[in-house]
Amino acid sequence: MSNKVNHKDGASYAPVGQSVKVVEPNQFYFSVAFLDHGHIFGQTNGLLQAGATLKYVFEPDAKKLAAFCEKYPNVQVADSFEQILQDEQTQLVASAAIPNVRAQIGIQVMQAGKDYFTDKSPFTTLEQLAEVKQVQQQTKRIYAVYYAERLHNEAAWRAGELITEGQIGKVIQVINLAPHRLAKENRPAWFFEKASYGGILTDIGSHQVEQFLTYSGASDACINFARVRNVNNADKPELEDFGEASMTGDNGCSFYTRVDWFTPQGQATWGDGRSFIVGTEGTIEIRKYMDVARAAPVSKIFLVTQESESEIDCYGQSHFPYFGQLILDCINRTELAMKQSHTFKAAELSMLAQQVADRA
C-alpha cells in the first residue's frame, strides 16, 4: 500500500495514519464498490490500518478499477456488485459512488445483511434519508459516513478530545471555513450536475455540520441563514462554487460555515481548512491542512486556556481511531464510532440548509 498523499488535489486526498490494529488478519473482511470519488482511497486506507482485510472490489470503469488494484494489489476483482452482496465473508461494504445513488447502494447493502460505509455526502435529498432511515431500522445494520474532515484529520480529531476533556469549558460557537481547489479540468461530468451532487451545502457542508454537532454537543439545530452562488463558473451553470450557512444548536451553540471552490493555484495544499471554537474557558483554532506561507502539509491546533496558550503539532501523530471503532461496532453491534442518529442528523441539517438557500 502506497504511503503517498496528494496534498494538491482534495479529490484524491487519502491520509495514512499510524497502524493500530483492532482485529487480527482475516478476522474482519470488507469489500469496496463504485469508485467514483477518490475518497475511496482514504476510506480503504483507514480500514486497512485498523486491521481489516480487503477482499473484493467492483467497479464498472476499467481505468478506475486498474488504479485501485494497482494501489491494493491483493484485492480480488468481483464480477458483479451482486457477488459482493452475496459473499458470506464480507461484513462491511465501502463505497464512494456518485452522491445521488449512494443511498440506494446502501439500502441494497443493508438488506443483504451487511454494514455500509459511504463517502459523504450520504444523500442528496431528504426523501433518500427517510428511506434509508426506515431500512436501517428494519435491518439494524450500520449506515456509516466518511466525514473525513474530522474523522481523517489529526488536529480535527484531537480538538474533539480536548473539548471532551474540558479544556475550553462549554462550547458556545463553532466557525468552519472550508475552501477547496476546483481543478475543473479533472472533474467528472456528474460533479457539475446539481441533481448528482446535491448542492454545495449538501456536499461539502455535511462535513462542516458534522463537526459542529460533535464539537458543540448539540443533537439538532435550526437554520438561521443559508446562501449559495455560482460566482465565477458561468460555463458550469449548475455548479455552486460558494455557499454559507448559519445555525443555532438545540443547546444554544452558534455555528457558521463557509464552503467554496476558490483555493488559489498558488496554495500548497488543496484547501486551507480551518475551525475556530469558542468555549466559556478557552478557544481552539484548527489549521487542518496547512499553515499559510509557513508549512504544508500540517495539522495544528492553537489552544488558549485560562492558564496558557500553546501550539500543538498533530501531523502524523494519530492512528485515526474512528476506523477501528467502526470495525468493532460492526463486530459487536455497538455505536462507539458514531451514533446513527448523529450520522443522519449531520446530513439532514446540511440538506435543510441547502433547501433554505435554494428557496432564497
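The following legends describe close-up views of a predicted model.

**Figure 1. Packing of helix α9 against helix α11.** Helix α9 spans residues 200–216 and helix α11 residues 340–359; their axes lie 8 Å apart and form an angle of about 130 degrees. At this angle α9 is oblique to α11. The crossing of α9 over α11 is right-handed. On the α9 side, the contact is formed by I200, L201, T202, G205, S206, V209, E210, L213 and T214. The α11 side contributes H342, K345, A346, L349, S350, M351, A353, Q354 and A357. By class, the residues of this contact comprise nine nonpolar, seven polar and two charged.

**Figure 2. Crossing of helix α1 and helix α10.** Helix α1 (residues 39–49) and helix α10 (residues 321–332) cross at roughly 70 degrees, and their axes come within 8 Å. The two helices are therefore roughly perpendicular. Residues G42, Q43, G46 and L47 of α1 meet F323, L326 and I327 of α10. Four nonpolar and three polar residues make up the contact of α1 with α10, and no charged residue takes part.

**Figure 3. Surroundings of L47 in the largest nonpolar core.** The largest nonpolar core contains 104 residues. L47 is listed among the residues with the most contacts inside this core, together with F68, F81, F117, I284, Y322 and L326. When neighbours within four places in sequence are set aside, L47 is in contact with F30, A52, L92, A94, F117, F323, L326 and I327. Of these partners, F323, L326 and I327 also belong to the α10 side of the contact between α1 and α10.

Figure 4. Helix α4 covers residues 102–111, and seven of its ten residues are buried, so α4 is largely enclosed by the rest of the structure. The buried residues are R102, A103, I105, G106, I107, V109 and M110. Among the elements covering them are the strands β1 (29–35), β4 (90–96), β5 (115–119) and β6 (143–146). Helices α3 (81–86) and α5 (126–139) also contribute to this cover. After α4 comes G113, which has a positive phi, near 85 degrees.

**Figure 5. Position of E82 in helix α3.** Residue E82 is located in helix α3. Its relative accessibility is 42%, and E82 is therefore classed as partly exposed. E82 and G46 are 36 residues apart along the chain, and their C-alpha atoms are separated by 25 Å. G46 is one of the α1 residues that meet α10.

Methods
Residues are numbered from 1 along each chain as its sequence is written. This is a predicted model: local features need pLDDT of at least 70, side-chain atom pairs count only at pLDDT 80 or more; totals for chains, interfaces and linings use all residues. Side-chain values use heavy atoms; hydrogens and water are left out. Axes are lines fitted to C-alpha atoms, for helices over the stretch in contact, and angles run from 0 to 180 degrees between N-to-C directions. Helices (H or I, at least four residues) and strands (E, at least two) are DSSP runs, numbered from the N terminus. Angles under 35 degrees count as roughly parallel, over 145 as roughly antiparallel, 65 to 115 as roughly perpendicular and the rest as oblique. A crossing is left-handed if the near helix is turned anticlockwise from the far one by less than a right angle, and right-handed if clockwise. Contact means heavy atoms within 4.5 Å. Ala, Val, Leu, Ile, Met, Phe, Trp, Tyr, Cys and Pro count as nonpolar, Asp, Glu, Lys and Arg as charged, and the others, Gly among them, as polar. A nonpolar core is a set of buried Ala, Val, Leu, Ile, Met, Phe, Trp, Tyr and Cys residues joined through side-chain atoms within 4.5 Å. Buried means under 20% relative accessible area, exposed over 50%, partly exposed in between (1.4 Å probe, protein chains only).
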